[in-house]
Amino acid sequence: MRVSEKIIEGLLWLSAVITVLVTIGIIWVLLSESIGFFRQVSIVEFLTEKEWTPLFANKKFGIMPLVAGTLLTTLIAIAVALPLGLTIAIYLNEYAHARMRQIVKPLLEVLATIPTVVYGFFALTVVTPFLQQIIPGMAGFNALSAGIVMGIMIIPMISSLSEDAISSVPRSLREAAYGMGSTRLQTSFGVMVPAASSGIIVSVILAISRAVGETMIVAIAAGQQPRLTMNPLVPIETITTYIVQVSMGDVPQGSLEYKTIFAAGITLFIFTFALNNLSFWIKKKYQEKYD
Amino acid sequence: GSEGGSDLTGSVQIDGSSTVYPITEAVAEEYRAEAPDVRVTVGVSGSGSGFKKFSRGEIDITNASRPINDEEAKTAEQNGLAYLEIPVAYDGLTVVVHPENDWVKEITVAELKKIWEPAAQGKIKRWNQIRPEWPDQEIHLYGPGVESGTYDYFTEAIVGKSHSSRGDFTASEDDNVLVQGVSTDKYALGFFGLAYYEENQGKLKAVAVDDGDDSNGKGAIVASLETVKDGSYAPLSRPLFIYVQSKAVERPEVVDFVNFYLENAAVLSEEVGYIPLPDELYKEQQQKFEQFVSGKGAATAQQ
Amino acid sequence: MTNSERNRLKDKAFQVFGIFCTFIGLVVLGIFLIDIIIEGSRRLDWDFLTSLPSRRASRAGILTAWVGTLWILVLTTLIALPLGVAAGLYLEEYGRKGRWANFLEINIANLAGVPSIIYGLLGLEIFVRQMRLGSSLLAGALTLSLLILPIIIVTTREAIKAVPRSIRDGSYALGASKWQTVWNQVLPASFGSILTGIILALSRAVGETAPLIVIGALAYVPFTPSSPLDEFTVLPIQIFNWTSRPQAAFLENAAAAIIALLVITFLLNGIAVYLRNRQQRKIKW
Amino acid sequence: MSKKNDKLEALDLNAYYGDFHALKGINIVMEEKAVTAFIGPSGCGKSTFLRTFNRMNDYIDGFRVDGQILLDGRDIYQKDVRVDELRKEVGMVFQKPNPFPKSIFENVVYGLKIQGIKKKSVLEEAAEQSLRHAALWEEVKDKLDKSALALSGGQQQRLCIARALAISPSVLLMDEPASALDPISTAKIEELIYDLKNDYTIVIVTHNMQQAGRVSDHTAFFYMGELVEYNKTKTMFTSPKEERTQNYITGRFG
Amino acid sequence: MSKKNDKLEALDLNAYYGDFHALKGINIVMEEKAVTAFIGPSGCGKSTFLRTFNRMNDYIDGFRVDGQILLDGRDIYQKDVRVDELRKEVGMVFQKPNPFPKSIFENVVYGLKIQGIKKKSVLEEAAEQSLRHAALWEEVKDKLDKSALALSGGQQQRLCIARALAISPSVLLMDEPASALDPISTAKIEELIYDLKNDYTIVIVTHNMQQAGRVSDHTAFFYMGELVEYNKTKTMFTSPKEERTQNYITGRFG
Ligand SMILES: Nc1ncnc2c1ncn2[C@@H]1O[C@H](COP(=O)(O)OP(=O)(O)OP(=O)(O)O)[C@@H](O)[C@H]1O
Ligand SMILES: Nc1ncnc2c1ncn2[C@@H]1O[C@H](COP(=O)(O)OP(=O)(O)OP(=O)(O)O)[C@@H](O)[C@H]1O
Ligand SMILES: [Mg+2]
Ligand SMILES: [Mg+2]
Ligand SMILES: O=P([O-])([O-])[O-]
């Protein structure tokens, strides 16, 4: 009996350790391939060169255009999702009836369960044609409609997590504010939102991280042309799209092209890793505050 | 064999050119009725990727919009593979713009070179840099990715050196993406296989190309079934191929599939928008293939 | 006085704005679903569900895609479920508090935030190349399993945490060993919530496209797979493929396939919500 | 003592949480500038009643009242009454000190700021005065910009009182204001209440009989949603009319 | 009364939660087939001590003991003692009834099943006997396959006792077994304890002095981790030796 207990515990332990192996695996895979890349391309060039044309005769290995594309779509997405999501969170928490909140919150969360390839379809076939009527001359592949649709997708991340954060602010603070004659608006912006700020920040960081790593929407709707621009109306390329683009060509292992997707991958990983850790760290501090 | 309902089983793995893909896809689809239990998969990773897998023996057949190059041939040899090149149709590599583009009617090879050569990267960015009377608007370029035979062929024919071009354009191995890009972007210019233009005529405008050589047709000429067939669409006309390797033809389903391919290539390539070879050429290919299968033809493989 | 009127006005204005924002989200969702239903429902019929892919949009169907999706679902469940539940159990029941547990927790939080395409790169290198599985169902399912592992672990932990200490005490006090307690009491009591979490994780896996593209599952595969080592396609890939075609008829196909995909996703989510509600009603500690 | 004005009245007041009848036909009149204590066992409705005077229950789903609550003779549940105005008139202090997570100064002037008062000198003046009034000025005058959360529980509660005083209400509602505090802080608060009643009408809920006896002029005893007895505190504690009051006061239940 | 054997002993027992010293040098000897009550103010260590007798504290991070606990003269904290065997000998009943979310029958036979006993007839026999012993048989015999969660609190607690009896322990530890119950259920449990002591050695933690007086033969009074006084219950309640005991018993603190 004791032996079998030990064996079972060992198996469970192994399963838990697999998660560590996955992390190690990710880092190892990204590193080992991109080290090969950085043997051929200096990090300085990688970070400072303004063009990304690793597959062409005139090879340039500047990651900036891909990073710019990623930041641009993320920026647009957050510009859409942050005001909407935060307003929704405040509205649901402070103004809406409990019943309404119970219905609307899960309905909004449906937005987050729709597969991203579906959003891509939507961006390309509905949003882009619509925007082209308003903005003539906008290219069919562009950062704007991909960003907007991505923003819609991440609304529930911000609205739900922020609403949770606001509702976990002790009731007594809200009562204090009302007791002083505050309106609902003054209560939420003057007291509740500041008190829930760390939770709200966590939700926004997670949303940013999600947008940075989003792939299908941008791969379908934002274009495949690395360019160092903040113009949302022309085709651009994000880090994720580049990886998809090269993957579709089935690049043979060991070639420089193959290595470039890992170099791009590690760049992406570093961004999201930093964001995730930041949010984890803030969350830990914040939990301590209210327990 | 048109008797239908063969009881062959097994699988045929195909990859490679996106230009040839529509023909092979059509053949594979029709072949289902012929041999329902043979599993034919067709990937689209570009001629270059196709040859790489092919020469490593990972796939049975590769689609190619350019001939195999020396390096690829050598790899195949090292892996103990012989192969047979089979032309299946002609293509006219088509230069296209948005249908609302009312300024470009024709373009010269020299101008194309000015746009696409490596030196243009980051420099030629506006339409009026090509011809002053064209608008002062950013030009958006769309073209096949570097793994594609079309890209190789185009750079060879226009820039003069295979695989040599600027890199700041929207590049995709999937020609559909290029069609989508050009058809939704008023300031776009792109190129790809004729079939993709024929399929999407309403959304695209083909641009006539002038090679400055009146011996093969005067002035600028638009790609079409006729101009490719009669050779006047130059220099962007080219043959399309499939390659079969020697280990694969030891399996009857591969042999059967290739025979079926050659029997139906004429009809199907026309259907999807390419120019079929003359009938006798298909016959000739069938014979060559027979020899190749029986082991005698290996020598006829390209050296 | 005027000041307080102004405040009230602002308050009202924000209320209107709040309703507007809330509903714009829902309206977009609505437009979006209606658009797809209108466009796709014309194509969605029995033939469409049972036909193989074809170059002619009107003859093409999604048989291979949804069968592939089912395969992926089953394989992913078989791989991720035992692993995820076991890891969750270890962390919640066995792992002592301390640096190691803390490290595991941060690690899992991080994994949950790694973009799916990175899992694709991992799968490409490890499963497709090193383990030589090729672009097979198994490689796809393994990749997706790793992707949803953190979600399953986190929900398992939450579910196990909700089982009151007193149940464990009761079991231990009767001489049960740790594993007997876990197997006879903790797991049955938390099974419903664990299942909910797993189904939600699977609904995520069903919609994933990018990692499968990276591991190379983008070929024309005109047959339904018959073993885990076969090549495959899934609904999202088929949708991606059709979406990237310029012809309107293929877009219609894409819309129809999207309906099928959404039906599967919503069904999974619906089951999860149903289970969760039932669970909440059934057990009050 | 000259007869004082009636400040607060409840007429036939009933209150409901959904189906639950929490207050049953309450009638009461409370004098200006006096302290009224509400006592009664847990759950009898003291807090519910107290909160009807500044309509703090408004936001609870399913809560409703019928009957009237008069403040200076005016029914505060009329449609045209604006709750923000009402709450400036009727201040409230809660059981658990609930300062905002802001500086001490920001806490005291919060009520003024939301009324749109921005002038530094006015705010500073008001802050000092309220803090003095709440007997906290000497303890905090050197650290007004420090976080209010760094104060002790008793100081926090006095800060909450100062915050309520800053908007110059005429009524102060206190729901067990000292129950979360240590004996020394409690004594300070009681002293403060005693001082404040010169200027304010105070209603205080308490569980502590001794406290009610010490600070209040009148006492109301509630039981299961009903007002059982209402009288001068002294009379109530020495010769209650009702048996239930007697039982409660002597600790036989509750 | 003939001298009974010593069943349980603690020798110089110290217990710690991390740095916190929860039990300080406890020495006690408890007789076979008698009821010993542990009393003392909240947090004094009663539960902690009780749980050392079946090593239920083993799973708490940072918990450790030194000193000895003897069961029938054998140190249960020895390396070679297996806790599962120990717990079959030393049953336990908790403050809040904690039936498993399974049928009544499954609850009672759980302890036997995990020992590997599968035979239906044996299990049924044991279930009936334990339920009778716990004075619950008549009430549940017709619904053995119904969920245990559907029983009333008092029935649930007796079910937990039956569950503990089913594995035939010789010692029964009870941590405030009636504190979550109504007076009628409490009376039933007390009666049951009285009956059970013919066959079992019982240790009971209680907050209720009257209860301790009614059910126990000996009483131990703990205060801040120390065993202040241990004596015949009668003696303890009539003439405690220590002032702290006196104060506690008369309700002066706690
Ligand atoms: N939000 C609510 N929803 C439903 N019922 C409520 C709500 N708040 C209070 N009640 C119920 O109304 C009754 C009166 O509650 P109230 O808080 O006024 O009692 P109380 O006398 O202040 O008690 P305590 O001394 O414990 O504070 C109680 O039975 C309580 O359960
Ligand atoms: N898991 C734990 N970790 C740290 N300290 C603990 C833990 N459990 C109990 N303690 C501390 O040990 C001391 C004794 O606790 P114990 O539960 O034994 O008291 P008790 O006498 O049973 O009190 P009560 O009558 O409230 O049940 C208390 O100060 C308590 O805070
Ligand atoms: Mg109250
Ligand atoms: Mg205890
Ligand atoms: O035909 P390609 O895809 O190789 O251009």
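**Figure 1. Val203(D) in strand β8 of chain D.** A residue is called buried under 20% relative accessible area, exposed over 50% and partly exposed in between (1.4 Å probe, protein chains only). Val203(D) has 0% relative accessibility and therefore counts as buried. The model is predicted, so local features need pLDDT of at least 70 and side-chain atom pairs count only at pLDDT 80 or more, while totals for chains, interfaces and linings use all residues. Residues are numbered from 1 along each chain as its sequence is written, chains are lettered from A and ligands numbered from 1 in the order in which they are written, and side-chain values use heavy atoms, leaving out hydrogens and water. Strand β8 of chain D spans residues 201–205; helices (H or I, at least four residues) and strands (E, at least two) are DSSP runs, numbered from the N terminus. With residues up to four places away in sequence set aside, Val203(D) touches Leu8(D), Met30(D), Thr36(D), Phe38(D), Leu50(D), Leu172(D), Leu173(D) and Met174(D). Contact here means heavy atoms within 4.5 Å. Arg74(D) is 129 residues from Val203(D) along the chain, and 18 Å separates their C-alpha atoms.

**Figure 2. Ile88(A) and its contacts in chains A and C.** Ile88(A) belongs to helix α3 of chain A, residues 64–95. Its relative accessible area is 0%, so Ile88(A) is buried. Leaving aside residues up to four places away in sequence, Ile88(A) touches Leu108(A), Ile155(A) and Ser159(A) within chain A, and Cys21(C) and Thr22(C) in chain C. Between Ile88(A) and Val104(A), 16 residues apart in sequence, the C-alpha to C-alpha distance is 9.8 Å. Chains A and C share the most contacts of the 7 pairs of chains that are in contact.

**Figure 3. His163(B), a residue with positive phi.** The loop holding His163(B) runs between α5 (149–159) and β8 (170–172) of chain B. Most residues other than glycine have a negative phi. The phi of His163(B), in contrast, is near 70°. His163(B) counts as partly exposed because its relative accessibility is 31%.

**Figure 4. Arg132(C), a loop residue of chain C.** Arg132(C) is in the loop between α5 (116–130) and α6 (137–161) of chain C. Its phi is near 55°, a positive value, and Arg132(C) is not a glycine. At 72% relative accessibility, Arg132(C) is classed as exposed.

**Figure 5. Helices and annotated spans of chain C.** Chain C has 11 helices and 0 strands. An unreviewed UniProt entry gives the annotation "transmembrane region" to residues 16–38, 58–91, 103–124, 136–160, 181–202 and 254–275 of chain C. Such annotations may be inferred rather than shown by experiment; their positions follow the numbering used here, and feature names are shortened. In the model, residues 58–91 of chain C are 85% helix and 0% strand, with end C-alpha atoms 52 Å apart. Residues 181–202 of chain C are 100% helix and 0% strand, and their end C-alpha atoms lie 28 Å apart. UniProt (unreviewed entry) also lists "domain: ABC transmembrane type-1" for residues 66–272 of chain C. That span is 78% helix and 0% strand, and 21 Å separates its end C-alpha atoms. The C-alpha atoms of chain C fill a box of roughly 75 × 70 × 35 Å along the principal axes. Of its 285 residues, 62% count as buried. Among the contacts of chain C with a separation of 6 or more, 75% join residues 24 or more positions apart.

**Figure 6. Chain B and its distance from chains D and E.** Chain B is made up of 10 helices and 12 strands, with loops such as that of His163(B) between elements. For 303 residues a compact globule would have a radius of gyration near 19 Å, and the 20 Å of chain B agrees with this; the radius is taken over C-alpha atoms, and the rule is 2.2 Å times the number of residues to the power 0.38. The box filled by the C-alpha atoms of chain B is roughly 65 × 40 × 35 Å along the principal axes. Buried residues make up 59% of the 303 in chain B. Of the contacts in chain B between residues at least 6 apart in sequence, 77% join residues at least 24 apart. Chain B does not touch chain D, and the nearest C-alpha atoms of the two are 52 Å apart. Chain B does not touch chain E either; here the nearest C-alpha atoms are 53 Å apart.
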